[in-house]
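Q: I have a structure open and I want to learn to read it. Can we go through it feature by feature?

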Protein chains: 2
Amino acid sequence: MNVAQKLGFPENTKLLIVHADDAGLSHSENMATMQSLKKGIVNSYSIMAPCPWFYEMAVFARNNPQFDSGIHLTLTCEWENYKFGPVVPVAEVPSLVDENGHFFKKREQLEKNAVPCEIEKELEAQIEKLLKFGLTPSHIDSHMYSVASTPELFRIYRDLGVKYDLPVLINGQLMKMVGLNPELNIENGDFLVDNVFVGEYKYFENGKLADYYSSVLENLASGINLILIHPAFDNQEMKGITINHPNFGSEWRQIDFDFFIDQKKKFILEQNNVELITWKDIKRCIADGKDEYSN
Amino acid sequence: MNVAQKLGFPENTKLLIVHADDAGLSHSENMATMQSLKKGIVNSYSIMAPCPWFYEMAVFARNNPQFDSGIHLTLTCEWENYKFGPVVPVAEVPSLVDENGHFFKKREQLEKNAVPCEIEKELEAQIEKLLKFGLTPSHIDSHMYSVASTPELFRIYRDLGVKYDLPVLINGQLMKMVGLNPELNIENGDFLVDNVFVGEYKYFENGKLADYYSSVLENLASGINLILIHPAFDNQEMKGITINHPNFGSEWRQIDFDFFIDQKKKFILEQNNVELITWKDIKRCIADGKDEYSN
């Protein structure tokens, strides 16, 4: 039995998680994420433990356990004027930060500087921060998929899933995007998400981001599909955060919000026989038969 | 010679600093503060080192040394959903934080829990953070004037001024407001600001905050006057930060911005023979004749 069957669907069902990344980043991101979950077709999200608005989102998570709520492991801060750094004191993880104690902007800087044991310490502390807050995370994923910067980092990421008994997002396309060879780094026993969809700058630039999302919804394959979005409002706060960074910037995030809050998208899912599932469902299926989901 | 004379004015001149507190708190606060300095009659401000938007404001301070830029020593976080904590690792200053590692909301909690040596460590680290960033602070003051919570804390505050050779804001009215007896806690050698003006909730509540500010500008006494304001925009970010906290909330801060950015206020200052001075001016005067300014 595959995941679809375990969940009571036919074998070839198109399964979908619509996932909001970056919860906790800002008030704008939090409000848009909460609304997308309550009113839209977003049904899963993950929280950035090191971010300034973590608390607001964590309180929401504690009060709304009906929604999938994961840990968006964070090792980079890509913004120009808005900064955050490790959960662990900087002196204990000096290889993860710039001269001001903030995370590096780019994966390449992380890859060049970061000492694996410090990465492990920081990522574990991020998970522990959510647990200490009384949350029950549904899954682990990674901001900018920076956990796939090096094979060693990727092993740390996988091992955290084992240690905390949580599904981790592993997908070959994402690994390739970040520069890691899936053939060399996916292992027996890894649970794989079949297809991951993330908007690309070329779509945004040409005003085609919503069209891309429509096309994704209408052309899903059977198996486990995951759409990664970043809902937020194109307001002063988000403009300030994403200044000079139109890629995943505030306008992009407003498009994400507008598209996935739209009630008509529920009918598109119905028309296309798409079934929404969550990471909690996946965790249950994995627990139910570890061998079957081994890669 | 008094400060007025040292600065080249007649002895009985009405001197005024219009000071924006809370820089670094948020993007909204930063943008409004910068505009108030560039276009309004605000001529001094102080930065909160522990806050999420510190970096943006510190970059502004580094690039705009023409403006007075002080250190707004911070030991409390009064907001419901927006949290920040010490610059020093929490494990080193456990008495300053709640169960989530954030500053207490109220001065009373600080007074009850905080160990003086931890306060000293944290406040020094906040000053060092600005210095390490390459800033040249003009003065030291205190968020919610929480440094006047206890006599011991107040001594730490004064001593930091001596240690870093910076003027510190000391004023009897503010001390009383926080519950400290000025007669017992002001010492020989303290430099005093004669009159400090801060809006009160009763004015805000009755729609009279702008009237209060007008009245202050038109009725200043001679000597050193200081108006403490909190310019920010009443936008989604600030509404989120100040939720359920109308006292110094986002509407209040928008009024502050609107009033002090208004060009007509320059004429009111002229008509009333008010001279704007800065903390840098005061520092120069103090250095020029320490004995004369002793209390």
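A: Start with charged pairs. The model is a predicted one. It holds 24 salt bridges over all chains.

Q: What is the idea behind such a pair?
A: Side chains of opposite charge can pair when their charged atoms come close. Take A:Lys121 and A:Glu92 here. They form a salt bridge, with the closest N and O atoms 2.9 Å apart. A:Lys121 sits in helix 5 of chain A, and A:Glu92 sits in the loop between strand 3 and helix 4 (107-113) of chain A, so the pair ties together parts that are 29 residues apart in sequence.

Q: Is A:Lys121 buried, exposed or partly exposed?
A: Read the relative accessibility. Under 20% is buried, over 50% is exposed, and partly exposed is in between. A:Lys121 has 38%, so it counts as partly exposed. A:Glu92 has 37%, so it is partly exposed too.

Q: Where do A:Asp190 and A:Arg158 lie in chain A?
A: They form a salt bridge, with the closest N and O atoms 2.7 Å apart. A:Asp190 is in the loop between helix 8 (182-185) and strand 5 (195-198) of chain A, while A:Arg158 is in helix 6 (residues 151-164) of chain A.

Q: Buried or exposed: which is A:Asp190?
A: A:Asp190 is buried, at a relative accessible area of 4%. A:Arg158 is buried as well, at 9%.

Q: Which elements of chain B do B:Lys163 and B:Glu124 lie in?
A: Their side chains meet in a salt bridge, 2.8 Å from N to O. B:Lys163 is in helix 6 (residues 151-164) of chain B, and B:Glu124 is in helix 5 (residues 116-132) of chain B, so the pair ties together parts 39 residues apart in sequence. B:Lys163 is exposed, with a relative accessible area of 52%. B:Glu124 is partly exposed, at 22%.

Q: Which residues do salt bridges with shared partners join into one network?
A: A:Asp22, A:Glu29 and A:Arg253.

Q: Now a single residue. Which residues does B:Ser250 touch?
A: B:Ser250 lies in helix 12 (residues 250-261) of chain B. Skip residues up to four places away in sequence. B:Ser250 then touches B:Phe233, B:Asp234, B:Met238, B:Lys239 and B:Thr242. The side chains of B:Ser250 and B:Asp234 make a polar contact at 2.7 Å. B:Ser250 counts as buried, at 7% relative accessibility.

Q: How far apart are the C-alpha atoms of B:Ser250 and B:Pro231?
A: They are separated by 8.9 Å, and the two residues are 19 apart along the chain.

Q: What does A:Ser44 show?
A: A:Ser44 is found in strand 2 (residues 44-47) of chain A. Its relative accessible area is 0%, so it is buried. Leave aside neighbours within four places in sequence. The contacts of A:Ser44 then include A:Ile17, A:His19, A:Asp68 and A:Trp279.

Q: How many residues of helix 3 of chain A are buried?
A: Read a helix residue by residue. In helix 3 (residues 54-63) of chain A, seven of ten are buried, so the helix is mostly covered. Among them are A:Phe54, A:Met57 and A:Phe60. The buried residues pack against strand 1 (14-23), helix 2 (27-39), strand 2, strand 3 (68-73) and helix 5 (116-132) of chain A.

Q: How do I read an interface?
A: The size of an interface is often given as the accessible area lost when the parts come together. Chain B and chain A bury about 1800 Å² between them, 61% of it on carbon and sulfur atoms. In chain B, B:Trp53, B:Tyr55 and B:Asn81 lose the most area to chain A, together 29% of what that side buries. In contacts, 21 residues of chain B meet 21 residues of chain A.

Q: What rotation superposes chain B on chain A?
A: A rotation of 180 degrees, with 0.0 Å of shift along its axis and an RMSD of 0.0 Å. That is the relation of a two-fold axis. The same surface serves both copies, as 100% of the contact residues of chain B recur in chain A.

Key
Residues numbered from 1 in each chain as written. Chains lettered and ligands numbered in written order. Predicted model: local features only at pLDDT ≥ 70, side-chain atom pairs only at ≥ 80, totals over all residues. Heavy atoms only, no water. Contact = heavy atoms within 4.5 Å. Buried area = accessible area lost by both parts, 1.4 Å probe. Least-squares fit on C-alpha atoms with pLDDT ≥ 70 in both. Helix = DSSP H or I, 4+ residues; strand = E, 2+ residues; numbered from the N terminus. Buried < 20%, exposed > 50% of the residue type's maximum accessible area, 1.4 Å probe, protein only. Polar contact = N/O pair within 3.5 Å; in protein donor to acceptor, adjacent residues only side chain to side chain. Salt bridge = Lys/Arg side-chain N within 4 Å of Asp/Glu carboxyl O.
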